[in-house]
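User: I want to learn how to read a protein model. Can you take me through it feature by feature?

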Amino acid sequence: MDLWDLRDATVFRDPELRLTLGRHPETGQPYLLFMVQRGIGEYPARLPIAEEDFRRFLADPFLTLPLTDPYQGLDCEQVRAAGAEC
């Protein structure tokens, strides 16, 4: 599966967020896709989330910030070690 290939995706383009909430096309597993800032560049990362979190984040996407902030500044290997995919 391509990192960005989700179904039922909702994209948030707020400058503070820039994330997508959606479901794996085959399993229906909810995912949070977000951008990791590293130096002057950035790259996408994907994190599986619980169904209840998926619904909460759809209602208020700013609730994702405590979840995504710890990944900021990490390289891809560190992101994977912390539990996300990149």
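This is a predicted model: local features need pLDDT of at least 70, side-chain atom pairs count only at pLDDT 80 or more; totals for chains, interfaces and linings use all residues.

User: Where is His-24, and is it buried or exposed?

Analyst: Find its place first, then its accessibility. His-24 sits in the loop between β2 and β3. His-24 counts as buried because its relative accessible area is 13%, and the cut-off is under 20%. Its side chain reaches the backbone nitrogen of Thr-27 at 3.2 Å.

User: Which residue takes a positive phi in the hairpin of β1 and β2?

Analyst: Check the residues between the strands. This hairpin also has 6 of them, and Arg-18 takes a positive phi near 45°. Note that Arg-18 is not a glycine. Arg-18 is found in the loop between β1 (7–12) and β2. With a relative accessibility of 35%, Arg-18 is partly exposed. As for the strands, β1 and β2 pair in the antiparallel sense over 4 bridges. Within that pairing, Val-11 stands opposite Thr-20 in β2.

User: In what order do the strands form the sheet?

Analyst: Trace each strand to its partners. The 4 strands form an open sheet in the order β1-β2-β3-β4, and the pairing is antiparallel. The edge strands are β1 and β4, since each pairs on one side only. Neighbouring strands are turned by 20° against each other on average, direction ignored.

User: How many residues of β2 are buried, and which are on each side?

Analyst: Now take β2. It is mostly covered, with 5 of its 5 residues buried. Leu-19, Leu-21 and Arg-23 are on one side. Thr-20 and Gly-22 are on the other. Both faces of β2 are covered.

User: What lies across β2, and at about what angle does it run?

Analyst: Compare the direction of the helix with that of the strand. The helix α1 runs at about 135° to β2. It lies across β1, β2 and β3.

User: Which side chain does Arg-23 join through a polar contact?

Analyst: Look at the polar atoms around its side chain. The side chains of Arg-23 and Glu-51 are joined by a polar contact of 2.7 Å. A polar atom of the Arg-23 side chain also lies 3.1 Å from the backbone oxygen of Gly-28. Leaving aside neighbours within four places in sequence, the contacts of Arg-23 include Leu-6, Asp-8, Pro-30 and Phe-54.

User: Which residues touch the most other members of the largest nonpolar core?

Analyst: Read a core by its members and by the elements that supply them. This core has 16 residues. Leu-19, Leu-21, Phe-34, Val-36, Tyr-71 and Val-79 touch the most other members. β2 (19–23), β3 (30–38), β4 (41–48) and α1 (51–59) each supply at least two residues. Take Tyr-71 as a case. Not counting residues up to four places away in sequence, it touches Phe-34, Val-36, Leu-47, Val-79, Ala-82, Gly-83 and Ala-84.

User: Which residues does the disulfide join?

Analyst: Look for the two sulfur atoms. The structure holds 1 disulfide. It joins Cys-76 to Cys-86, with S to S at 1.7 Å. Cys-76 lies in helix α3 (residues 76–81) and Cys-86 in the segment after α3, so the pair ties together parts that are 10 residues apart in sequence.

User: Why is the disulfide right-handed?

Analyst: Read the torsion about the S-S bond. Here it is about 105°, so the disulfide is right-handed. Both ends are partly exposed: Cys-76 has a relative accessible area of 23%, and Cys-86 has 25%.

Definitions and conventions:
Residues are numbered from 1 along each chain as its sequence is written. Side-chain values use heavy atoms; hydrogens and water are left out. A nonpolar core is a set of buried Ala, Val, Leu, Ile, Met, Phe, Trp, Tyr and Cys residues joined through side-chain atoms within 4.5 Å. Buried means under 20% relative accessible area, exposed over 50%, partly exposed in between (1.4 Å probe, protein chains only). Contact means heavy atoms within 4.5 Å. A polar contact is a pair of N or O atoms within 3.5 Å; within protein, one must be able to donate a hydrogen and the other to accept it, and residues adjacent in sequence count only if both atoms are side-chain atoms. A disulfide is a pair of cysteine sulfur atoms within 2.5 Å. Two strands pair if DSSP finds at least two bridges between them. Axes are lines fitted to C-alpha atoms, for helices over the stretch in contact, and angles run from 0 to 180 degrees between N-to-C directions.
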